[in-house]
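Please look over the sequence and the model below before reading on. The paragraphs after them go through the structure step by step.

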Amino acid sequence: MLVLSRKPGESVRIDGRIKVTVVSATSRHVRLAIEAPDEVEIHREEVYQRIARANREAARAASGSGEALSAARGEGGDAMPREGGPP
Amino acid sequence: MTRAVVHIASSRLGTIRVPEADLLRFPGLPGFPGARRFALVEHDHRGIFGWLVSADLPELAFVVTNPWNFVPDYDPAVPERALRGLDAQSLDELEVLAIAAFEGDRIFLNLAAPLLVNPKSRSALQVILDGDTWSTRQPIPPPSPTGEGEPAEGAGDADVRPESGGGST
């Protein structure tokens, strides 16, 4: 891991195309401005991790055989969601 | 080249053959950064649920659905940069899918991070919506064999009725 010191107004450049500028800093908060191409996803870490966890849980559930999943396929009978979704 | 067929040895669905040009191309997904190419496969004959099967990680698959099947007032605020990343001017040009999590007889949709697909280019991404308007675990009603307008339950299908008999096994 690379650790750099920057003052407000100073920046770091990542991979030639991403610029992170320190806008302001106090003892408790640092405000960052990030300039990056549209295809670069930028998220607060805890938000990203929440979605990553949801994806891992969904993938794990899909690898099992939940009753509702079987029902959705109609295995063993005509057990399907209604046309047009829930009431 | 465009006729090339990819064989996916899915641990969940067996071997799937998909024209490479039909694969959806993601920049990776949160939690699965190496999963970039996916096949979209129908799960049920009415097209409510589908499988999103990874061509890169054969053990990885998601169940997906059109969120408006279950949440008619779903109104994701997709940021401009996500639209631009898929070469779209508006959400109308894209297909929207929600990942479903099945736990026993319960189903949850991740409405906080829908999948966006450009059907023309086959490029796709999972967008993380700002704010907490939409849940990562929105419960939806389990598929019911006894919905109005449906035939009454057929013979011998008690094993697919989550509501029958109380507790699950």
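The model is a predicted one. In chain A, 3 strands form an open sheet, in the order 1-2-3, with antiparallel pairing. Strand 1 (11–14) and strand 3 (30–35) of chain A are at the edges and have a single partner strand each, so one side of each has no neighbour in the sheet. From one strand to the next, the twist averages 20°.

The pairings within this sheet can be followed strand by strand. Strand 1 of chain A runs antiparallel to strand 2 (residues 18–25) of chain A, and 4 bridges join them. Within this pairing, Arg13(A) has Lys19(A) in strand 2 of chain A as its bridge partner. Strand 2 of chain A also pairs with strand 3 of chain A, in the antiparallel sense and over 6 bridges. Here the bridge partner of Ala25(A) is Val30(A), in strand 3 of chain A. The hairpin that joins strand 2 of chain A to strand 3 of chain A passes through 4 residues. Strand 3 of chain A is hardly covered, since the count of buried residues among its 6 residues is 0.

Next comes the helix of chain A. Helix 1 of chain A covers residues 45–63, and at 1.5 Å a residue its 19 residues should span 27 Å; the C-alpha atoms at its ends are 27 Å apart, which agrees. Which residues of helix 1 of chain A are buried? They are Ile51(A), Ala54(A), Asn55(A), Ala58(A), Ala59(A), Ala61(A) and Ala62(A). Seen down the axis of helix 1 of chain A, the buried residues fall within an arc of 165°, so they line one face of the helix. An α-helix has 3.6 residues a turn, so residues three or four places apart point the same way. On the other side of helix 1 of chain A, the exposed residues are Glu45(A), Glu46(A) and Arg60(A).

What do the buried residues of helix 1 of chain A pack against? They pack against strand 6 (61–65), strand 7 (95–103) and strand 8 (106–117), which belong to chain B.

Chain B itself has 1 helix and 10 strands. Its elements run β-β-β-β-β-β-α-β-β-β-β from the N terminus on. Of the 169 residues in chain B, 36% are buried. Among its contacts between residues at least 6 apart in sequence, 45% join residues at least 24 apart.

The helix of chain B can be viewed through one residue. Leu83(B) lies in helix 1 (residues 80–85) of chain B. Leu83(B) is partly exposed, because 19 other C-beta atoms lie within 10 Å. Leaving aside neighbours within four places in sequence, the contacts of Leu83(B) are Val78(B), Ala88(B), Gln89(B) and Ser90(B).

Beyond its neighbours within four places in sequence, Val64(B) is in contact with Gly50(B), Leu52(B), Leu97(B), Ala98(B), Ile99(B), Ala100(B) and Leu115(B).

Key
Residues are numbered from 1 along each chain as its sequence is written. Chains are lettered from A and ligands numbered from 1 in the order in which they are written. This is a predicted model: local features need pLDDT of at least 70, side-chain atom pairs count only at pLDDT 80 or more; totals for chains, interfaces and linings use all residues. Helices (H or I, at least four residues) and strands (E, at least two) are DSSP runs, numbered from the N terminus. The expected span of a helix is 1.5 Å times one less than its number of residues. A residue is buried if 20 or more other C-beta atoms lie within 10 Å of its own, exposed if 12 or fewer, and partly exposed in between; C-beta atoms are placed from the backbone. The arc is that of the directions from the helix axis to the C-beta atoms. Two residues are in contact if their C-beta atoms, placed from the backbone, lie within 7 Å. Two strands pair if DSSP finds at least two bridges between them. Axes are lines fitted to C-alpha atoms, for helices over the stretch in contact, and angles run from 0 to 180 degrees between N-to-C directions.
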